[in-house]
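Hi there,

Here is the structure I promised to pass on. Have a look at it first, and my notes follow below.

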Amino acid sequence: VSEQRFHSAFSNAAIGMAGPFAISDAAKLDTLIATNVAGLARLTRALLPGMLARARGGVLSIASLGGLIPGPHQAAYYASKAFVISLSEAIASETAGRGVRVTVVLPGPVETRFHARMGAEGSLYRHFLPAASPDRVAKLAIRGFRLGRRGVAPGIGPTIAVFLLRILPHAV
């Protein structure tokens, strides 16, 4: 399908890594950066000019609550999601009033095998934030996108977490 047929871009690809950064596998780190950072940037860059030329379309990117704070033992993953948040917020400002919506989604844990696959099932935050279903996250993300929101924290828990994570010192 040619770029001209796309009206919106949805970026949800992500790779996670758990464990101390100093001993992380270099090849896995490269793959995480290529997927979570470069892939998102390149896809968005490829599709955005056509959307702006048509004065319609949108970008809906999936970040994480983790992108709002440093994440010991998931440092690269958290940092990659901080990139998603920052890029999305910057592009939303650049494209404001030009017919293109840009929304970044900041879910907490989601009921998938993601945490188990990267060895983070026992992470402390898993005990505080209940996992949401993928369907619920998708439904709330799309609703927020359609409403023109720049950021969506799907659910009460993530909404409260975004507020707290933006005002509390990282050490807390």
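In which strand of the protein chain is confidence lowest, and in which is it highest? The model is a predicted one, and its mean pLDDT is lowest, at 52, in strand E1 (residues 8-11). The highest value belongs to strand E3 (residues 100-105), with a mean of 97. Averaged over the protein chain, pLDDT comes to 85, and 80% of the residues score at least 70. Please take care with residues 1-7, where pLDDT stays under 50. For that stretch the model has 12 contacts beyond four places in sequence.

At least two lining residues come from each of helix H4 (134-146), strand E4 (151-152) and helix H5 (156-167). By type, the lining of this pocket is made up of 9 nonpolar, 6 charged and 4 polar residues.

Is Asn 36 buried or exposed? Its relative accessible area is 2%, so Asn 36 counts as buried, the cut-off being under 20%. The side chain of Asn 36 also reaches the backbone nitrogen of Ile 15, at 2.8 Å.

Happy browsing, and do write back with any thoughts.

Best wishes

Note on methods. Residues are numbered from 1 along each chain as its sequence is written. Side-chain values use heavy atoms; hydrogens and water are left out. Helices (H or I, at least four residues) and strands (E, at least two) are DSSP runs, numbered from the N terminus. Ala, Val, Leu, Ile, Met, Phe, Trp, Tyr, Cys and Pro count as nonpolar, Asp, Glu, Lys and Arg as charged, and the others, Gly among them, as polar. pLDDT is the predictor's confidence in each residue, from 0 to 100. Contact means heavy atoms within 4.5 Å. Buried means under 20% relative accessible area, exposed over 50%, partly exposed in between (1.4 Å probe, protein chains only). A polar contact is a pair of N or O atoms within 3.5 Å; within protein, one must be able to donate a hydrogen and the other to accept it, and residues adjacent in sequence count only if both atoms are side-chain atoms.
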